[in-house]
Amino acid sequence: MEKNYTALGLMSGTSMDGVDASIIRSDGNREYSIKLNKYFEYGKKLRQKLINLRAKILIADDLETNSLAIGEIEREITLFHANAVNEILDTSKIKIDLIGFHGQTIFHNSKKKMTKQLGDGKLLSQLTKKIVINNFRQNDLNNGGQGAPLTPIFHYCISKIIREKFKIEFPLSIVNIGGITNVTLIKDNSNELNQNFFAYDIAPGNCLIDEWVRKHLNLRYDKNGNYAKSGKVDDLILNQAIDNFEIDSFENSLDVKDFDLSFAKGLSFEDGCATLTKFTAFLISNGLKKTCKKNNMSLRNIIFCGGGRKNNFLIKSIKEFLYGSNIMINNIDDYNFEGNFIESQAFAFLAIRSQLNLPISFPNTTRCKEAVSGGEIQKNF
(Lines give C-alpha, C1' and ligand atoms only; values in the text may rest on other atoms or scores of the structure.)
Protein backbone atom coordinates (compact mmCIF):
# COMPACT_ATOMS: atom_id res chain seq x y z
CA MET A 1 0.00 0.00 0.00
CA GLU A 2 1.38 3.41 -0.99
CA LYS A 3 2.09 5.89 1.80
CA ASN A 4 -0.08 8.99 2.04
CA TYR A 5 1.38 12.32 3.13
CA THR A 6 -0.32 15.45 4.38
CA ALA A 7 1.27 18.45 2.68
CA LEU A 8 0.77 22.20 2.78
CA GLY A 9 1.29 23.94 -0.57
CA LEU A 10 2.16 27.63 -0.82
CA MET A 11 1.84 29.55 -4.07
CA SER A 12 2.30 33.22 -4.92
CA GLY A 13 1.65 33.99 -8.58
CA THR A 14 2.66 36.69 -11.02
CA SER A 15 -0.07 39.03 -9.77
CA MET A 16 2.02 39.34 -6.59
CA ASP A 17 -1.06 40.01 -4.47
CA GLY A 18 -0.64 37.35 -1.79
CA VAL A 19 -0.19 33.68 -0.93
CA ASP A 20 -2.58 30.83 -1.64
CA ALA A 21 -2.23 28.03 0.90
CA SER A 22 -3.71 24.54 0.65
CA ILE A 23 -3.43 21.36 2.69
CA ILE A 24 -3.99 18.10 0.84
CA ARG A 25 -3.52 14.42 1.65
CA SER A 26 -2.19 12.28 -1.18
CA ASP A 27 0.01 9.40 -2.22
CA GLY A 28 1.47 11.61 -4.96
CA ASN A 29 -0.30 9.53 -7.55
CA ARG A 30 -4.06 8.95 -7.70
CA GLU A 31 -5.20 9.41 -4.10
CA TYR A 32 -5.93 13.04 -3.25
CA SER A 33 -8.19 14.86 -0.80
CA ILE A 34 -8.40 18.52 0.19
CA LYS A 35 -8.18 19.45 3.87
CA LEU A 36 -7.95 23.26 3.78
CA ASN A 37 -7.66 26.27 1.47
CA LYS A 38 -6.81 29.77 2.70
CA TYR A 39 -5.60 33.04 1.18
CA PHE A 40 -3.18 35.54 2.78
CA GLU A 41 -3.02 38.96 1.16
CA TYR A 42 0.26 40.88 0.96
CA GLY A 43 0.26 44.36 2.45
CA LYS A 44 0.45 47.23 -0.06
CA LYS A 45 4.07 48.04 0.83
CA LEU A 46 5.31 44.47 0.35
CA ARG A 47 3.39 44.08 -2.90
CA GLN A 48 4.84 47.32 -4.27
CA LYS A 49 8.36 46.26 -3.27
CA LEU A 50 7.88 43.03 -5.22
CA ILE A 51 6.53 44.81 -8.30
CA ASN A 52 9.40 47.31 -8.21
CA LEU A 53 12.01 44.58 -7.79
CA ARG A 54 10.65 42.43 -10.62
CA ALA A 55 10.76 45.47 -12.91
CA LYS A 56 14.51 45.81 -12.22
CA ILE A 57 15.36 42.16 -13.03
CA LEU A 58 15.36 42.12 -16.83
CA ILE A 59 18.48 40.04 -17.48
CA ALA A 60 20.45 37.49 -15.47
CA ASP A 61 23.12 40.04 -14.49
CA ASP A 62 20.44 42.09 -12.74
CA LEU A 63 20.15 39.35 -10.11
CA GLU A 64 23.71 40.09 -9.00
CA THR A 65 23.34 43.87 -9.32
CA ASN A 66 20.27 43.80 -7.06
CA SER A 67 21.44 41.02 -4.75
CA LEU A 68 21.19 43.13 -1.58
CA ALA A 69 17.59 44.16 -2.27
CA ILE A 70 16.75 40.59 -3.29
CA GLY A 71 18.13 39.26 -0.01
CA GLU A 72 16.13 41.74 2.05
CA ILE A 73 12.84 41.09 0.28
CA GLU A 74 13.46 37.33 0.23
CA ARG A 75 13.69 37.37 4.02
CA GLU A 76 10.52 39.48 4.27
CA ILE A 77 8.66 37.10 1.92
CA THR A 78 9.83 34.06 3.87
CA LEU A 79 8.70 35.58 7.18
CA PHE A 80 5.30 36.31 5.61
CA HIS A 81 4.98 32.67 4.51
CA ALA A 82 6.13 31.41 7.92
CA ASN A 83 3.50 33.50 9.70
CA ALA A 84 0.85 32.16 7.33
CA VAL A 85 1.94 28.54 7.91
CA ASN A 86 2.06 28.89 11.68
CA GLU A 87 -1.36 30.56 11.75
CA ILE A 88 -2.82 27.67 9.73
CA LEU A 89 -1.19 25.04 11.94
CA ASP A 90 -2.29 26.78 15.13
CA THR A 91 -5.90 27.29 14.08
CA SER A 92 -6.60 24.16 12.03
CA LYS A 93 -4.75 21.67 14.28
CA ILE A 94 -3.99 19.67 11.13
CA LYS A 95 -0.69 17.80 11.38
CA ILE A 96 1.36 18.11 8.20
CA ASP A 97 4.36 16.15 6.99
CA LEU A 98 5.68 18.53 4.33
CA ILE A 99 5.50 22.09 3.01
CA GLY A 100 5.68 22.71 -0.74
CA PHE A 101 7.08 26.25 -1.03
CA HIS A 102 6.98 27.72 -4.52
CA GLY A 103 8.07 31.24 -3.60
CA GLN A 104 7.68 34.42 -5.67
CA THR A 105 9.12 34.31 -9.18
CA ILE A 106 11.10 37.42 -10.16
CA PHE A 107 13.18 35.96 -13.02
CA HIS A 108 12.94 32.96 -15.33
CA ASN A 109 15.11 32.30 -18.36
CA SER A 110 15.11 28.73 -19.64
CA LYS A 111 17.80 29.40 -22.25
CA LYS A 112 20.25 30.36 -19.52
CA LYS A 113 18.91 27.60 -17.23
CA MET A 114 18.22 30.25 -14.61
CA THR A 115 15.17 30.80 -12.45
CA LYS A 116 14.71 32.80 -9.26
CA GLN A 117 11.86 32.38 -6.84
CA LEU A 118 12.10 34.55 -3.74
CA GLY A 119 11.86 32.38 -0.65
CA ASP A 120 14.38 30.84 1.74
CA GLY A 121 13.44 27.17 2.23
CA LYS A 122 15.91 26.61 5.06
CA LEU A 123 14.62 29.61 7.00
CA LEU A 124 11.00 28.55 6.46
CA SER A 125 11.86 25.07 7.75
CA GLN A 126 13.51 26.59 10.83
CA LEU A 127 10.57 28.89 11.56
CA THR A 128 7.85 26.27 11.06
CA LYS A 129 9.71 23.18 12.33
CA LYS A 130 8.60 21.30 9.21
CA ILE A 131 10.31 19.70 6.22
CA VAL A 132 10.17 22.23 3.38
CA ILE A 133 10.50 21.39 -0.31
CA ASN A 134 11.32 24.29 -2.61
CA ASN A 135 13.22 25.26 -5.78
CA PHE A 136 11.00 23.01 -7.90
CA ARG A 137 12.13 24.33 -11.28
CA GLN A 138 15.93 24.15 -11.29
CA ASN A 139 16.38 20.40 -11.72
CA ASP A 140 14.13 20.46 -14.76
CA LEU A 141 16.20 23.31 -16.26
CA ASN A 142 19.41 21.39 -15.51
CA ASN A 143 17.99 18.44 -17.46
CA GLY A 144 17.17 20.41 -20.60
CA GLY A 145 13.62 21.39 -19.63
CA GLN A 146 11.93 24.76 -19.67
CA GLY A 147 11.25 24.83 -15.93
CA ALA A 148 7.55 25.31 -16.70
CA PRO A 149 4.75 24.45 -16.62
CA LEU A 150 5.03 22.22 -13.54
CA THR A 151 1.35 21.78 -12.63
CA PRO A 152 0.41 19.32 -15.46
CA ILE A 153 1.07 16.16 -13.43
CA PHE A 154 -1.43 17.49 -10.88
CA HIS A 155 -3.88 18.42 -13.66
CA TYR A 156 -3.52 14.81 -14.83
CA CYS A 157 -4.48 13.58 -11.36
CA ILE A 158 -7.49 15.92 -11.34
CA SER A 159 -8.60 14.67 -14.77
CA LYS A 160 -8.87 11.13 -13.40
CA ILE A 161 -11.08 12.31 -10.54
CA ILE A 162 -13.29 14.37 -12.87
CA ARG A 163 -13.55 11.42 -15.24
CA GLU A 164 -14.66 9.08 -12.46
CA LYS A 165 -17.14 11.47 -10.81
CA PHE A 166 -18.61 13.24 -13.83
CA LYS A 167 -18.07 10.75 -16.69
CA ILE A 168 -16.49 13.51 -18.77
CA GLU A 169 -15.21 12.52 -22.19
CA PHE A 170 -11.61 12.78 -23.28
CA PRO A 171 -9.68 14.45 -24.88
CA LEU A 172 -9.60 17.06 -22.14
CA SER A 173 -7.80 20.39 -21.94
CA ILE A 174 -7.15 21.99 -18.54
CA VAL A 175 -6.29 25.65 -19.11
CA ASN A 176 -4.70 27.61 -16.28
CA ILE A 177 -5.00 31.38 -16.78
CA GLY A 178 -2.58 32.96 -14.34
CA GLY A 179 -0.12 35.68 -15.32
CA ILE A 180 0.78 33.34 -18.19
CA THR A 181 -1.65 30.82 -19.68
CA ASN A 182 -0.64 27.17 -19.81
CA VAL A 183 -2.56 24.15 -20.98
CA THR A 184 -2.46 20.47 -20.07
CA LEU A 185 -3.78 18.25 -22.86
CA ILE A 186 -4.94 14.76 -21.87
CA LYS A 187 -5.72 12.45 -24.78
CA ASP A 188 -7.55 9.63 -23.06
CA ASN A 189 -8.04 7.82 -19.80
CA SER A 190 -5.01 5.53 -20.02
CA ASN A 191 -2.03 5.65 -17.67
CA GLU A 192 0.57 6.00 -20.42
CA LEU A 193 1.95 9.40 -19.45
CA ASN A 194 4.48 9.68 -22.25
CA GLN A 195 1.89 9.23 -25.00
CA ASN A 196 -1.17 10.60 -23.27
CA PHE A 197 -0.37 13.88 -21.62
CA PHE A 198 1.14 17.09 -23.00
CA ALA A 199 1.59 20.62 -21.67
CA TYR A 200 2.62 24.03 -22.95
CA ASP A 201 2.77 27.69 -22.05
CA ILE A 202 0.56 29.11 -24.81
CA ALA A 203 -0.11 32.82 -24.23
CA PRO A 204 -0.23 35.71 -21.81
CA GLY A 205 -2.92 35.31 -19.20
CA ASN A 206 -3.70 38.17 -16.84
CA CYS A 207 -0.31 39.89 -17.12
CA LEU A 208 -1.10 42.49 -19.80
CA ILE A 209 -4.54 43.32 -18.40
CA ASP A 210 -3.23 43.57 -14.82
CA GLU A 211 -0.34 45.82 -15.85
CA TRP A 212 -2.70 48.14 -17.77
CA VAL A 213 -5.02 48.41 -14.75
CA ARG A 214 -2.08 49.07 -12.39
CA LYS A 215 -0.76 51.83 -14.63
CA HIS A 216 -4.10 53.65 -14.80
CA LEU A 217 -5.90 52.95 -11.53
CA ASN A 218 -4.95 52.03 -7.99
CA LEU A 219 -6.34 48.52 -8.55
CA ARG A 220 -4.77 45.09 -9.02
CA TYR A 221 -6.95 43.75 -11.84
CA ASP A 222 -10.10 44.22 -13.91
CA LYS A 223 -12.66 42.48 -11.70
CA ASN A 224 -14.87 40.15 -13.76
CA GLY A 225 -13.68 42.00 -16.89
CA ASN A 226 -16.12 44.83 -16.13
CA TYR A 227 -13.85 47.62 -17.41
CA ALA A 228 -13.15 45.68 -20.60
CA LYS A 229 -16.87 45.11 -21.05
CA SER A 230 -17.55 48.85 -20.72
CA GLY A 231 -14.88 49.72 -23.31
CA LYS A 232 -14.76 49.31 -27.09
CA VAL A 233 -12.27 47.05 -28.82
CA ASP A 234 -10.15 49.03 -31.30
CA ASP A 235 -10.18 46.52 -34.16
CA LEU A 236 -7.43 48.29 -36.13
CA ILE A 237 -4.99 48.21 -33.20
CA LEU A 238 -6.06 44.68 -32.27
CA ASN A 239 -5.49 43.33 -35.78
CA GLN A 240 -2.13 45.10 -36.04
CA ALA A 241 -1.07 43.59 -32.72
CA ILE A 242 -2.17 40.12 -33.85
CA ASP A 243 -0.30 40.52 -37.17
CA ASN A 244 2.86 41.78 -35.46
CA PHE A 245 3.02 39.15 -32.73
CA GLU A 246 3.15 35.42 -33.17
CA ILE A 247 4.37 32.64 -30.92
CA ASP A 248 6.38 30.59 -33.42
CA SER A 249 6.91 27.60 -31.16
CA PHE A 250 5.16 26.33 -28.06
CA GLU A 251 8.23 24.37 -27.03
CA ASN A 252 9.50 27.24 -24.85
CA SER A 253 8.22 28.51 -21.53
CA LEU A 254 6.87 32.07 -21.40
CA ASP A 255 7.47 34.89 -18.94
CA VAL A 256 5.42 38.02 -18.28
CA LYS A 257 8.37 40.00 -19.67
CA ASP A 258 7.86 38.37 -23.08
CA PHE A 259 4.85 40.64 -23.62
CA ASP A 260 4.33 44.38 -23.59
CA LEU A 261 1.28 46.59 -23.89
CA SER A 262 2.83 49.51 -25.77
CA PHE A 263 0.55 48.94 -28.76
CA ALA A 264 -2.42 50.06 -26.62
CA LYS A 265 -0.85 53.22 -25.19
CA GLY A 266 -2.99 55.68 -27.18
CA LEU A 267 -6.28 54.16 -26.06
CA SER A 268 -8.59 55.26 -23.26
CA PHE A 269 -8.48 53.17 -20.11
CA GLU A 270 -11.66 51.20 -20.87
CA ASP A 271 -10.87 50.73 -24.57
CA GLY A 272 -7.36 49.60 -23.61
CA CYS A 273 -8.83 47.01 -21.24
CA ALA A 274 -11.16 45.76 -23.96
CA THR A 275 -8.48 45.60 -26.66
CA LEU A 276 -5.82 43.97 -24.46
CA THR A 277 -8.33 41.42 -23.20
CA LYS A 278 -9.39 40.59 -26.76
CA PHE A 279 -5.72 40.27 -27.78
CA THR A 280 -5.08 37.90 -24.86
CA ALA A 281 -8.17 35.87 -25.75
CA PHE A 282 -7.03 35.50 -29.36
CA LEU A 283 -3.60 34.23 -28.31
CA ILE A 284 -5.10 31.76 -25.82
CA SER A 285 -7.57 30.37 -28.36
CA ASN A 286 -4.90 30.23 -31.06
CA GLY A 287 -2.53 28.43 -28.69
CA LEU A 288 -5.21 25.89 -27.83
CA LYS A 289 -5.97 25.19 -31.49
CA LYS A 290 -2.31 24.84 -32.47
CA THR A 291 -1.21 22.62 -29.57
CA CYS A 292 -4.21 20.31 -30.02
CA LYS A 293 -3.48 20.05 -33.75
CA LYS A 294 0.19 19.37 -32.99
CA ASN A 295 -0.83 16.35 -30.90
CA ASN A 296 -3.62 15.11 -33.20
CA MET A 297 -6.27 15.97 -30.64
CA SER A 298 -9.70 17.49 -31.10
CA LEU A 299 -10.73 20.41 -28.92
CA ARG A 300 -13.58 18.75 -27.05
CA ASN A 301 -13.72 19.52 -23.33
CA ILE A 302 -12.01 22.63 -21.96
CA ILE A 303 -11.78 23.33 -18.23
CA PHE A 304 -10.54 26.74 -17.08
CA CYS A 305 -8.74 27.35 -13.78
CA GLY A 306 -6.62 30.21 -12.42
CA GLY A 307 -7.64 33.80 -11.70
CA GLY A 308 -8.40 34.57 -15.35
CA ARG A 309 -11.36 32.19 -15.33
CA LYS A 310 -13.28 34.90 -13.40
CA ASN A 311 -12.79 37.48 -16.17
CA ASN A 312 -16.12 37.06 -17.94
CA PHE A 313 -15.15 39.24 -20.89
CA LEU A 314 -11.94 37.23 -21.42
CA ILE A 315 -13.71 33.84 -21.27
CA LYS A 316 -16.51 35.06 -23.57
CA SER A 317 -13.91 36.30 -26.05
CA ILE A 318 -12.01 32.99 -25.97
CA LYS A 319 -15.27 31.15 -26.69
CA GLU A 320 -15.95 33.46 -29.65
CA PHE A 321 -12.50 32.84 -31.12
CA LEU A 322 -12.92 29.07 -30.70
CA TYR A 323 -16.43 29.16 -32.25
CA GLY A 324 -16.91 25.42 -32.07
CA SER A 325 -20.46 24.30 -31.29
CA ASN A 326 -19.19 20.87 -30.23
CA ILE A 327 -16.71 22.26 -27.68
CA MET A 328 -17.72 22.00 -24.03
CA ILE A 329 -16.26 24.83 -21.89
CA ASN A 330 -16.52 24.92 -18.09
CA ASN A 331 -14.73 26.29 -15.05
CA ILE A 332 -13.05 23.81 -12.73
CA ASP A 333 -15.40 25.03 -9.98
CA ASP A 334 -18.19 23.26 -11.88
CA TYR A 335 -16.50 19.97 -10.91
CA ASN A 336 -16.37 20.70 -7.15
CA PHE A 337 -12.83 22.08 -7.14
CA GLU A 338 -12.08 25.51 -5.68
CA GLY A 339 -10.53 27.20 -8.67
CA ASN A 340 -8.53 29.79 -6.74
CA PHE A 341 -6.40 27.10 -5.09
CA ILE A 342 -5.46 24.67 -7.86
CA GLU A 343 -1.84 25.85 -7.97
CA SER A 344 -1.32 25.82 -4.20
CA GLN A 345 -2.78 22.31 -4.12
CA ALA A 346 -0.48 21.42 -7.01
CA PHE A 347 2.65 22.44 -5.10
CA ALA A 348 1.56 20.39 -2.11
CA PHE A 349 1.18 17.47 -4.54
CA LEU A 350 4.59 18.19 -6.14
CA ALA A 351 6.18 18.29 -2.67
CA ILE A 352 4.86 14.79 -2.00
CA ARG A 353 6.15 13.53 -5.34
CA SER A 354 9.55 15.13 -4.65
CA GLN A 355 9.67 13.47 -1.22
CA LEU A 356 8.96 10.13 -2.92
CA ASN A 357 11.51 10.90 -5.67
CA LEU A 358 8.76 10.63 -8.30
CA PRO A 359 9.03 12.71 -11.48
CA ILE A 360 7.30 16.10 -11.56
CA SER A 361 8.26 17.07 -15.11
CA PHE A 362 8.28 15.09 -18.32
CA PRO A 363 9.56 15.43 -21.90
CA ASN A 364 6.00 16.15 -23.06
CA THR A 365 5.38 18.85 -20.44
CA THR A 366 8.61 20.82 -20.07
CA ARG A 367 10.76 19.37 -22.90
CA CYS A 368 13.26 17.87 -20.41
CA LYS A 369 15.43 15.02 -21.73
CA GLU A 370 13.80 12.48 -19.43
CA ALA A 371 11.22 12.48 -16.65
CA VAL A 372 12.79 14.01 -13.53
CA SER A 373 11.86 14.80 -9.95
CA GLY A 374 12.30 18.33 -8.74
CA GLY A 375 12.15 20.04 -5.41
CA GLU A 376 15.01 20.42 -2.93
CA ILE A 377 14.30 18.99 0.53
CA GLN A 378 15.12 21.30 3.45
CA LYS A 379 15.11 20.14 7.06
CA ASN A 380 16.43 22.82 9.39
CA PHE A 381 15.12 22.10 12.88
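Reply: Helices here are DSSP runs of at least four residues, numbered from the N terminus. Ser 125 sits in one of them, helix H4, residues 121-128. Note that the model is predicted.

Me: Why is Ser 125 called buried?

Reply: Buried means under 20% relative accessible area. Ser 125 has 0%, so Ser 125 is buried.

Me: What makes Ser 125 and Lys 130 a polar contact?

Reply: The cut-off is 3.5 Å between N or O atoms. The side chain of Ser 125 reaches the backbone oxygen of Lys 130 at 2.8 Å, so the pair is within the limit. Ser 125 also touches other residues, including Val 132 and Phe 381.

Me: How do you know that Arg 220 and Glu 41 meet in a salt bridge?

Reply: A salt bridge needs a side-chain nitrogen of Lys or Arg within 4 Å of a carboxyl oxygen of Asp or Glu. Here the N to O value is 2.8 Å, so the pair qualifies. Arg 220 lies in the loop between H8 and helix H9, and Glu 41 in strand S3, so the bridge ties together parts 179 residues apart in sequence.

Me: Why is Glu 246 called exposed, but Lys 290 partly exposed?

Reply: Exposed means over 50%; partly exposed lies between that and the 20% limit for buried. Glu 246 is at 53%, so Glu 246 counts as exposed. Lys 290 is at 32%, so Lys 290 counts as partly exposed. Their side chains meet in a salt bridge at 3.2 Å, N to O.

Terms used. Residues are numbered from 1 along each chain as its sequence is written. This is a predicted model: local features need pLDDT of at least 70, side-chain atom pairs count only at pLDDT 80 or more; totals for chains, interfaces and linings use all residues. Side-chain values use heavy atoms; hydrogens and water are left out. Helices (H or I, at least four residues) and strands (E, at least two) are DSSP runs, numbered from the N terminus. Buried means under 20% relative accessible area, exposed over 50%, partly exposed in between (1.4 Å probe, protein chains only). A polar contact is a pair of N or O atoms within 3.5 Å; within protein, one must be able to donate a hydrogen and the other to accept it, and residues adjacent in sequence count only if both atoms are side-chain atoms. Contact means heavy atoms within 4.5 Å. Lists of a residue's contacts leave out its neighbours within four places in sequence.
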